[in-house]
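Let's take a walk through a protein together, one stop at a time. Keep the sequence and the 3D view side by side as you read.

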Amino acid sequence: MVQTVWVSSPGSWALQGSDCHRQGKKRSWRCRFVRTIIQHPCRRHAPKRSRKARMLRKIQICLCFCFVSGILYEISLLSSCVFSYLPMAQHYLTPEQVLNLGKSIIFLETTERLEPPPLVSCSVESAARIYQDRPIILFMRGLNNETALDLNTSYAAFSLLSSMKNVFIFPLQMETIFQETPLLQWYNQVVPEQEKNWVHVSSDASRLALIWKYGGIYMDTDVISIRPIPQESFLAAQKSRFSSNGIFGFPARHKFIWDCMENFVLKYNGNIWGNQGPFLMTRMLKTLCNLTDFRGTEDHSCQNISFLNPQRFYPIPYPAWSRYYQVWDKSPSFNHSYALHLWNFMNRNRKVVVAGSNTLAEKLYKTYCPTTYQDLIQNAKHRDLPDPEDVE
């Protein structure tokens, strides 16, 4: 007879003990979906054992108990560390370990700022809510182990995001990301201080390398998710015959993304905004198929790549971007959309969501990122109110 003990259930996050090791005081863990089975024979009529055999049996039972207790202890740590970034904690997951879980939703912050503004927080939160079974990763250029020490207490948005169970916040280390890609040679030669559009160019490169290496979906930090994207390999049409690079998804090692990285280097011109971004995606897609105008809300397909209708992410086109910050008589349903791009690059006057304004953006915040709305928008309004004792 065989007795089976289920240590972890299918679909749960667990740590595989054989992949764990110690190096000094640091401990590295490989986290993956595992289903562990411990089997041992059960004898109905075991012969009487000697005293030495009974002692060995007791030692075996104690060791098994310690082993199982250790596993249960590590699982208990997952609720506080596996879905958040704790730079100086004893137990933490590396970016590669999280990305290797597959199907990540990736955001990038290539400026040096450490406090995510409400729109960034809303984008990450909405993705975390829509894709609850997938890792949501925010890479931040200005983050490192030193600057991360007090972020949870110093910045409300950072604390808000890091508390979400499937959100990870990691430093953006470009040299590491570009390893084993055509972009490494370009990165080693380029001088960021002399680049006119370095924030955008470095982001364009990083998103390509990450999606090629690990697969998943890349999203700009001004994209609010409203329902899951069903396609795995897709580009988003900003308009007919023109692709954006603000949101796209592919499995790891996809040839199209590799070709894009090669073209990035071959046709590099940092002085032209978008040359390594939407223009790159568009010219590479044109090498595969003949792009035609969209009719209605249908999507196009080209060599197993879905070219998604502008309604999926850009129902409000960039010339009308300010409509997100206006009051509508009747709010649109966005029934044909998977996510909404709020065109933050066009927002030169820095329009923001204000509690009680009844704008379309405020309604989106309330629906798809309610925690951000409550903590960063409503609380900010309350903090700005004068103390009644100070009013004469």
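Predicted model: local features only at pLDDT ≥ 70, side-chain atom pairs only at ≥ 80, totals over all residues.

A disulfide is counted here when two cysteine sulfur atoms lie within 2.5 Å of each other. Residues are numbered from 1 along each chain as its sequence is written, and side-chain values use heavy atoms, with hydrogens and water left out.

How many disulfides does the structure hold? There are two. One of them joins C122 to C369, with a distance of 2.0 Å from S to S. The link of C122 and C369 is left-handed, with -85° about the S-S bond. C122 sits in helix α3 (residues 118-130) and C369 in the loop between α11 and α12 (370-384), so this pair ties together parts that are 247 residues apart in sequence. Those element names come from DSSP runs numbered from the N terminus: helices are H or I with at least four residues, and strands are E with at least two.

C289 lies in the loop between α10 (278-286) and β15 (300-302), while C302 is in strand β15, 13 residues apart. The link of C289 and C302 is left-handed, with -125° about the S-S bond. C289 counts as partly exposed at 21% relative accessibility, whereas C302 counts as buried at 5%. If you number the bonded cysteines of the protein chain in sequence order, the pairing reads 1-4, 2-3.

Next, find N347 in the loop between β17 (339-341) and α11 (360-368). N347 is buried, because its relative accessible area is 1%. What does the side chain of N347 reach? It reaches the backbone nitrogen of K351 at 2.7 Å. Leaving aside its neighbours within four places in sequence, N347 is in contact (heavy atoms within 4.5 Å) with W321 and Y325.

Another loop stop is T221, between β11 (216-219) and β12 (223-225). T221 is buried, with a relative accessible area of 16%. Beyond its neighbours within four places in sequence, T221 is in contact with F107, L108, L119, V120, S123 and L138. From C-alpha to C-alpha, T221 and G246 are 8.8 Å apart in space, and they are 25 residues apart in sequence.

L56 lies in helix α1 (residues 51-81), and L56 is partly exposed because its relative accessible area is 47%. Together with M55, I59 and L63, L56 forms a nonpolar patch with about 400 Å² of accessible area.

Notes: Buried < 20%, exposed > 50% of the residue type's maximum accessible area, 1.4 Å probe, protein only. Polar contact = N/O pair within 3.5 Å; in protein donor to acceptor, adjacent residues only side chain to side chain. Patch = residues over 30% accessible without salt bridge, like charges linked within 9 Å, V, L, I, M, F, W, Y side chains within 5 Å. Areas by Shrake-Rupley, 256 points an atom, 1.4 Å probe, with all protein chains shown as cover. Salt bridge = Lys/Arg side-chain N within 4 Å of Asp/Glu carboxyl O.
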